Amino acid sequence: MAKTTVVGSNGRIGDLLASEESDVLLGRGDVVTDTEPGPIYLCTRNDALDGIVESCPEERRKDLVFLQNGYLDGFLESKNLQDNTQVLLYLSVAKKGLAPTDGVTSYNPEGLTAATGVHAQAFADRLASLGLKCNVVTPEDYRPAMFEKLIWISTYMLVGTAKECSSVGQAGADHTELVESVIKELVAAVEEKEGLKFKDGTIERLKAYTDVVADFPCAVKEFEWRNQYFYNLGCSIHNELLKECADKGKLGFELP
């Protein structure tokens, strides 16, 4: 049986996934040294990825499993890892050790978490052992789903921050029309740039997920991995909201 490594096992998601006695548990600054093949779950912030990949033995890089939010395409292509296993994680853990909230919604009772790649089934099996759902999908089906999650995090967090909402739930409830306008704008921008087509129901899917994580606080962060994709495409409503956040001193970074 392949050995599983969990990088970032001291964090909320890493602690959740590190559920087998045979797992190799590494902190965010530790280096992968085990030569035995098997999935390496990367449960870290995006800004830690470069160091992890560079320190990982060449022969083990194909086993790296990316669980991060955001737009990873450019980074993965720069490392020649675009075919690696990726996970679209629709679950949250409020505090290390607490029970997770699964991405099961009224619109998608099968759950929204998805995985693609050589270790996708192993990841789905790991979640199933924890009572959580995960759909194993093709790369072709994963791609629009990835962009849909990127749109969710880039819309609800942005609107909530610009309008000084306490949570994504408040952003969706108090600014429904604005949220939907941003989603429509970003969907159209992705379809034009990437040449892909979203399944019908994007607004409904994202609203239903927001209902599940309604208390999640709003913040615009990890700009280069999230909102910058849309900023660079010149999405006008989205970019005006970013400028509104900047004018209100709500951003921890300077806009390009």
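I note here that the model is a predicted one.

**Entry: the cavity**

I looked up the volume of the largest cavity and found about 90 Å³ of space in it. Its lining has 13 residues, and those nearest its centre are Gln68, Asn69, Gly70, Leu88 and Met146. When I asked which elements supply at least two residues each to this lining, I found strand 5, residues 85-88, and helix 5. Helix 5 has the largest share, with four residues. Sorting the lining of the largest cavity by class, I get eight nonpolar, four polar and one charged residues.

**Entry: the overall fold**

Taken along the principal axes, the box filled by the C-alpha atoms is roughly 50 × 35 × 35 Å.

**Entry: the largest pocket**

For the largest pocket I noted a volume of about 920 Å³. I find 32 residues lining this pocket, and Arg12, Ile13, Asn69, Phe216 and Arg226 are the closest to its centre. Helix 1 (12-17), strand 6 (91-92) and helix 5 (139-162) each give at least two residues to the lining of the largest pocket, and the largest share, four residues, is that of helix 5. By class I list 18 nonpolar, seven polar and seven charged residues in the lining of the largest pocket.

**Entry: the second largest pocket**

The second largest pocket holds about 380 Å³ of space. Of the 18 residues in its lining, I find Leu112, Asp141, Ala145, Lys199 and Arg205 nearest the centre. Which element gives the most to the lining of this second largest pocket? I find that helix 5 does, with five residues. The lining of the second largest pocket divides into nine nonpolar, three polar and six charged residues.

**Entry: helix 7 against helix 10**

Lastly I looked up how helix 7, residues 176-194, lies against helix 10, residues 236-247, and found that their axes come within 8 Å and cross at roughly 125 degrees. That angle makes helix 7 oblique to helix 10. By class, I count five nonpolar, three polar and one charged residues in the contact between helix 7 and helix 10. On the side of helix 7 the residues are Leu178, Ser181, Val182, Glu185 and Leu186, and these meet Ser236, Ile237, His238 and Leu241 in helix 10.

Notes:
Residues numbered from 1 in each chain as written. Predicted model: local features only at pLDDT ≥ 70, side-chain atom pairs only at ≥ 80, totals over all residues. Heavy atoms only, no water. Axes fitted to C-alpha atoms, helices over the stretch in contact; angles between N-to-C directions. Parallel < 35°, antiparallel > 145°, perpendicular 65-115°, else oblique. Contact = heavy atoms within 4.5 Å. Nonpolar A, V, L, I, M, F, W, Y, C, P; charged D, E, K, R; others polar. 1 Å grid on protein atoms, 1.4 Å probe; cavity = no way out; pocket = protein on both sides within 12 Å on 5 of 7 lines; lining within 4 Å. Points joined across faces, edges and corners; volume = space filled by probe spheres on them.
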